[in-house]
Structure formats: C-alpha cells, structure tokens
2 protein chains.
Amino acid sequence: MLLEATDLIPRSEVRLILACETFQHTGSFKFRAAYQLARNSPHSHIIAASSGNFGQALALACRAFNKRCTVVMPDTSAQVKVNAVRAQGANVELINVQLKSRNDRVEELAAEDPDAYIASAFDDPWVIAGNATLGAEILKACPDVETIVAPIGGGGLTSGLVMAVREDNRDVRVIAAEPALGNDASLSFRSGRLVSNPEEPKTIADGARTLSLGKRNWEILRAHDGLSEVIEVSEEAIRHAVRMLFLKINLKVEPTGALAVAAVMTHSEQFMSGGTVCAVVSGGNVDPSVYAEIITGS
Amino acid sequence: MLLEATDLIPRSEVRLILACETFQHTGSFKFRAAYQLARNSPHSHIIAASSGNFGQALALACRAFNKRCTVVMPDTSAQVKVNAVRAQGANVELINVQLKSRNDRVEELAAEDPDAYIASAFDDPWVIAGNATLGAEILKACPDVETIVAPIGGGGLTSGLVMAVREDNRDVRVIAAEPALGNDASLSFRSGRLVSNPEEPKTIADGARTLSLGKRNWEILRAHDGLSEVIEVSEEAIRHAVRMLFLKINLKVEPTGALAVAAVMTHSEQFMSGGTVCAVVSGGNVDPSVYAEIITGS
C-alpha cells in the first residue's frame, strides 16, 4: 500500500511516498520472501532460525503450501512471538543461546532430516526474488520515482529492490538506511570489502541486528548498478520517525520499519532537488510497551 | 482504504472488512464533509464549533477553496489541536465554556459577519452528502457487502451511509455503534422519539460526546430504510478493539474509530450467518498518552 507522506518533510521540495508493508500478511515484507521459498522449494520441510518477522511469515507461508516448518528461536523470545509462530502451525525449537548457537541447532535439525531446506532470512535467491516483488510494485505504482530508500540488515530487501530496478531497466537509485549502532553495511560500502559488526548491535531496530550482510547480497549491492549509498541513522532519529509517523500519518510502524523514513527526514537536504522518493516502511510489529515508550517520548 | 480483518473475529464465519478513514486528509472521515461544505457553500466565510476532527478538516478544506474559516474551540483544548487548526490557516476563537457556550459564540460571530455560513459538524445537507461518498466507495469496492457498521455521535456519518445505500438501491443494512455511556441514539431508536443525553457523555470515544442526534439525521435514520439497529458498546470493548487493531492489524485508530469494530467483536453472534461486514474505522487522531495507556492496558 502506498501512502503520500510529504508532510513529514515540510521544508523540502521532495514528494515522499511510503511503501507500507505493515499491512502485509504477518505484518512485514518478510512474507514476500517466505511465500517464494514455500512455493518454489521442492522440499517438504523448511527450517529457519528467526526470533522475528521471518519466522512468523515462514510459518504462514508453509501452512499455505502444506509444508512442515521448524523455526529455531532463543528461549528468551517473547512468549507472544513464540505463540504467533505456533499459531501458524509451525514447530518451534527453543534453545539456550548461551549453550548453543542458533545456526548450530539448525545444522543439527538439518542432519536429522536430510530432505529439509535450510532457509536464510536474507541470503537466499528465493528471498531476494520475493523482495523484488516489492520493488516491481513500487516501480509500477510510482512511474516517476527517482529514489527508493529501504532499511538494511542482512541486505535481502535492498538486494531485491536492486534486482527489480535492473529487471525493469530503470534509472532509479536504491539507498539503504542502517542504524549507526550497527554500521557494517556502511563500512563495507565505503571500504569495498565485507565488514562485520563485532557483536550483535544493540539498536532499537531489532530487524537490523545482523552481524553482516549476506555474501550473496553483498555481491548484488556492491555492483556499479547496486546500492547508491548507505545512510547511517541514529537511535534518536529512528524514535523520532516512529513518533512522527504516529502523529502525522496515523501509521503504526516498528522501529526497523521507520529506518528509511528517518534517513529521509534527517538527510532531506540530499533529496532537496525535488522529485519523488519512496521510503519502504518494512514492518509494523512492535511490542506495545516499546511502542508506548517511543510515542510518549518517555 | 479497505483492509481485510477477519482475524479479529476468529470463531465467526463473517468476512470482516475495515473501511479505514485514518489515512484520509487530516486523519478522519470529517474531511469528506468539510470538502463538500467548502466546495459547495456560496459563502466566503465558514464558521464552526469543533474541538476535534471537524475543525481541522474544515480548516484544510477552506484553505483549498480559498475561503475564510473560523473555528470556535474551548480554551481548554489541547494546544496541539489548536495549533493544527491554525496551521491550516484558520482563525481560532478560544472561549471559556463556563462563561459562554460554543453555540452562543458562533451566533455572535455570525452576527458580526452576516455573509458567513454556520456549519454544523453533523447536521447539514453537505455534511451528509460528503459522508455519503464513503458509503458509495464501500458499495463499489465491496459488491458483496451485506452490513455496514459505523460509529454514531450526531448521526452525520450513518445518515450519509444510509443515503448512499438508498441512492444505489442496495439491500445493505446500516448498523450504528454507540458508546453505552452516551446511548441517546439507542434510546431514540427504541422509543421512536429523539432522546438527548442529560449531559455530555464521559466516554473515551470523544467523537461521540454529542448530546443528541441532529434533527435532520434523525429523520433519515428513523425511516423504514434507515438504520437497522444501534449497538451499545462498553468502554472496555472500545479499549479492547483499539488494542486488537494495534496488535493484529497494525492499525492505529482513535477510540471513536474503534466503535464499529468493537460492536462487531462483542456481538459477533449476530453476524454469524456469514457474509461480508464492513466496519468503518472513522479516524486515527489520538493523543500519544491516551493511546499508550490503552495499548499497554495500564
């Protein structure tokens, strides 16, 4: 769903359009990737590690295509998130991440079922193809779009957007918005080599708490027709964007979903030349207590 | 914008569609009425009393048609609401309602400018015509809709919906959802005569804090092809609906905007026969502190 949001950048000549994935199935863009995976994979069982939107999306997509789904989650995950995955009929494997990493548990489960497919939440051709459907929709609905800004964590979303722009042979820039607290994509982009965060970044944007870009995504993003730029966004700018989307647009977004809007609001001089900018609002799932604290500024 | 929301009533056979007016200009359905008023009135100055959505909508609509706009508001109104009306270029008249009623001040201002048009927020032919455009959109986008449920305060919205159904000659029921704390419409409907609340009802649904239905609306709503029913909704059901729309649909709504959804959720047995029900989510403008308290259940 596209929403006009030019009010958010009052002193700019830019027309700002939001591509809202908050009303997507399971509340985030992740369903696009999960749907492609569940539809196209020849395997009858899909295993993934995810404590967030991807797990829930994969569970629903597997149910739609009548496949088994196992989601590995830390045993510290919020009960409401565990329940949401189970409610879609998936098997949840809770692990103590102090004793065993999520990936190790995924490997174990895969060894037990050699026919299973191990799905990365971001570094997978079907995931990229799924995310490209969002790019295609934006390009079709916004013929005059000049720039698409989207959050970056593992790089699956921006890779999909870059692929969609290539496919359409359009002259549209794709810009990534990343929390400054976990600026591995920005460092990678500037140095020309894949850089990792030393540890999981403690940003409020939990969808961007990745250690590094996926290798497959990095190859797509670093190309000359890949990403145009990575904008680093402060925690305060993320919170401010969540609050402004609440106040001025009546849009409920999760912190990760506000990254692109925050990048446009804090770097609006960069977009001053005018034209149409599309900011991807990637998801809306946020705990009530976290959201309440952000909108009241407490 | 229409959103599928069947998840909200899991044990029902009903298909629930939300007609969301939260992304309308100025964040509520009131802009439809304000637009018709500002476009069609031959007067160059429009005066209205409103501390809520209608004032802001009228200010924007008058600006669009280059008309003067005066909005009378209590001097206890939240500064953010006063600022929002002023930001649209309207003149705000703050009054002490202990000393003078809003309507008295409107009359005074009208006496000073005999060419001005005094607009009721709900009891006005253009207001009803404006609200009818929402009904026409629902009927067009949802050809199989059997029931439309909408909040009721002064009755302008439901009157517009009834007019749209009549105009289209369709067999669609219009049901009103009213706070039980201010059940004048329910009492009027049951007794067959226009009943008023003894005082402004202290419901959290501030858009329904009206003393009675408008006389014009009452004549439309009481007709044999008028309202089918008025459902009374408790304060707890309103809060619950706001919370569920946040959690399950990622939709930010104001308490008044949740009235119709609350009516469907609490009376779902009534809609059990199946079919498609459209609930009007009339607006999204709510103070962050009120919203935070509702979604956290504190």
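Okay, to start, a salt bridge here is a side-chain nitrogen of Lys or Arg within 4 Å of a carboxyl oxygen of Asp or Glu. With that in hand, look at A:Glu236 and A:Arg243, whose side chains meet in a salt bridge at 3.3 Å, N to O. And keep in mind throughout that what's on the screen is a predicted model.

Let me stay with that pair for a second. Are the two partners buried or exposed? A:Arg243 counts as buried, at 17% relative accessibility, while A:Glu236 comes out as partly exposed, at 46%. The cut-off matters for that call: A:Arg243 is called buried because its 17% falls under the 20% limit.

Over all chains, by the way, the rule gives 34 salt bridges. I'll show you a few of them.

Go to helix α8 of chain A, residues 215-222. A:Glu219 and A:Arg222 form a salt bridge there, with the closest N and O atoms 3.6 Å apart. Both residues sit in that helix, three residues apart, about one turn.

One more on the charged side, back in chain A. Which residues make up the network? A:Glu93, A:Lys100, A:Arg105 and A:Glu108 are linked in a network of salt bridges.

At 16% relative accessibility, A:Tyr117 counts as buried. If you leave aside neighbours within four places in sequence, A:Tyr117 is in contact with A:Leu37, A:Ser41, A:His43, A:His45, A:Ile46, A:Ile47, A:Asp124 and A:Trp126. Here's another one to click on: A:Pro42 is 75 residues away from A:Tyr117 in sequence, yet their C-alphas are 8.6 Å apart in space.

The other strand residue I wanted to show is A:Thr276, in β10 of chain A, residues 276-281. A:Thr276 is buried, with a relative accessible area of 3%. What does its side chain make a polar contact with? The side chain of A:Asp144, at 3.2 Å. Not counting residues up to four places away in sequence, A:Thr276 touches A:Arg15, A:Ile17, A:Asp144, A:Val145, A:Glu146 and A:Thr147.

Last stop, the interface. 20 residues of chain B are in contact with 20 residues of chain A. The two chains bury about 1,600 Å² between them, 71% of it on carbon and sulfur atoms. Which residues of chain B lose the most area to chain A? B:Phe23, B:Asn250 and B:Lys252, which together account for 41% of what that side buries.

How many salt bridges cross between the chains? Zero, by the rule. There are polar contacts, though: the count is eight residue pairs, with both residues at pLDDT 80 or more. On the chain B side, α9 (235-249) and α11 (288-296) each supply at least two of the residues that touch chain A. α11(B) gives the most, with six residues. And that side as a whole divides into 12 nonpolar residues, seven polar and one charged.

That's my tour, so over to you for questions.

Note on methods: Residues are numbered from 1 along each chain as its sequence is written. Chains are lettered from A and ligands numbered from 1 in the order in which they are written. This is a predicted model: local features need pLDDT of at least 70, side-chain atom pairs count only at pLDDT 80 or more; totals for chains, interfaces and linings use all residues. Side-chain values use heavy atoms; hydrogens and water are left out. Contact means heavy atoms within 4.5 Å. Buried area is the accessible area (1.4 Å probe) that two parts lose on being put together, summed over both. A polar contact is a pair of N or O atoms within 3.5 Å; within protein, one must be able to donate a hydrogen and the other to accept it, and residues adjacent in sequence count only if both atoms are side-chain atoms. Helices (H or I, at least four residues) and strands (E, at least two) are DSSP runs, numbered from the N terminus. Ala, Val, Leu, Ile, Met, Phe, Trp, Tyr, Cys and Pro count as nonpolar, Asp, Glu, Lys and Arg as charged, and the others, Gly among them, as polar. Buried means under 20% relative accessible area, exposed over 50%, partly exposed in between (1.4 Å probe, protein chains only).
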